[in-house]
Amino acid sequence: MTRTSNRDHVIAIASNLFLQKGLMNTSMDDVVAQSKVSKSNIYYHFKSKEELVVAVLGYRINVLRGALEAILQRTDLSVSARVGLIFTTIAEELEGRSCVGGCQVLSLLSAQIPEVKARINEFLIEWQNLAEKLLVEGIARGEFKENISIQQTAVLFVAIVEGAMLMAESQGHAQVLVGAGQTLLHLIQV
């Protein structure tokens with residue numbers, strides 16, 4: 001059994017606290033209390049809350065990237081099924097935390113940290129590129145309409161996911177995500 005490092009443990013705890021309490025309502029003392037890691041040890045790894053936020057963002061992006069890559073590799077499924085699975089997977093993750101915090105990545109924009117904003121933008125571009133690949137494959141397989149604008153539809157795909165996560169948070173359930181995915185598919189399928 002591998003032991004989680006104090007640094008990784010603190011990142012996971014801070015990630016959950018930022019989602020549950022909000023970034024601005026979570027103090028470093030809250031992270032100390034919840035993680036049971038000494039303040040000096042936390043400050044050894046993270047010189048400031050801003051450094052911790054950047055680390056949490058990296059953690060969240062890696063988790064989401066891993067989930068998306070696993071779905072993309074499911075070539076045994078149709079492209080439509082993989083698109084639906086993206087929406088369902090995100091909905092299940094949201095439901096698992098009672099829809100608190102909305103999008104794990106975009107919720108960190110409130111930190112107003114230039115590095116966070118830049119890394120989120122990079123991730124959204126990566127997310128859009130992933131959507132473009134799915135759309136190209138869907139067109140090639142005859143599942144999606146040939147006349148859709150791939151770039152604009154990919155932007156729409158990401159915007160629908162992010163908007164539906166915000167709605168799920170405000171409504172307290174993630175069913176809106178599944179419905180949004182179905183609607184997107186209805187618009188682009190042959």
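## Crossing of α1 and α2

Helices α1 and α2 cross in a right-handed sense; a crossing is right-handed if the near helix is turned clockwise from the far one by less than a right angle, and left-handed if anticlockwise. Helices are DSSP runs of H or I with at least four residues, numbered from the N terminus. This is a predicted model in which local features need pLDDT of at least 70 and side-chain atom pairs count only at pLDDT 80 or more, whereas totals for chains, interfaces and linings use all residues. Residues are numbered from 1 along each chain as its sequence is written, and side-chain values use heavy atoms, with hydrogens and water left out.

The axes of α1 (residues 6-21) and α2 (residues 28-35) come within 9 Å and cross at roughly 120 degrees. Axes here are lines fitted to C-alpha atoms, for helices over the stretch in contact, and angles run from 0 to 180 degrees between N-to-C directions. The pair α1 and α2 is therefore oblique; angles under 35 degrees count as roughly parallel, over 145 as roughly antiparallel, 65 to 115 as roughly perpendicular and the rest as oblique. From α1, the residues H9, V10, I13, A14, L17 and K21 make the contact with D30, V31, Q34 and S35 of α2, where contact means heavy atoms within 4.5 Å. By class, this contact of α1 with α2 has 5 nonpolar, 3 polar and 2 charged residues. Nonpolar covers Ala, Val, Leu, Ile, Met, Phe, Trp, Tyr, Cys and Pro, charged covers Asp, Glu, Lys and Arg, and the others, Gly among them, count as polar.

## Pairing of α4 and α6

The axes of α4 and α6 come within 10 Å and cross at roughly 5 degrees, so α4 is roughly parallel to α6. On the α4 side, the contact includes V53, V54, L57 and G58. Among the α6 residues that take part are F123, E126, W127 and L130. The residues of the contact of α4 with α6 comprise 13 nonpolar, 1 polar and 4 charged.

## Nonpolar core

The largest nonpolar core has 62 residues, and those with the most contacts inside it are L52, I86, F87, W127 and F157. Such a core is a set of buried Ala, Val, Leu, Ile, Met, Phe, Trp, Tyr and Cys residues joined through side-chain atoms within 4.5 Å. At least two residues of this core come from each of α1, α2, α4 (49-72), α5 (79-96), α6 (114-140), α7 (150-171) and α8 (175-188). Helix α4 gives the most, with 10 residues.

Not counting residues up to four places away in sequence, L52 touches V10, I11, A14, F18, M28, V31 and F46.

G138 lies in α6 and counts as buried because its relative accessibility is 0%. Buried means under 20% relative accessible area, exposed over 50%, and partly exposed in between (1.4 Å probe, protein chains only). Leaving aside neighbours within four places in sequence, G138 is in contact with V79, E143 and F144. The C-alpha atoms of G138 and Q189, 51 residues apart along the chain, are separated by 8.5 Å.

T153, in α7, counts as buried at 10% relative accessibility. Beyond four places in sequence, T153 touches L135, I148 and I188.

Most residues other than glycine have a negative phi. S98 is not a glycine, yet has a positive phi of about 55 degrees; S98 is located in the loop between α5 and α6 and counts as exposed at 52% relative accessibility. Q112 lies in the loop between α5 and α6, with a positive phi near 55 degrees. Q112 is exposed, with a relative accessible area of 69%.
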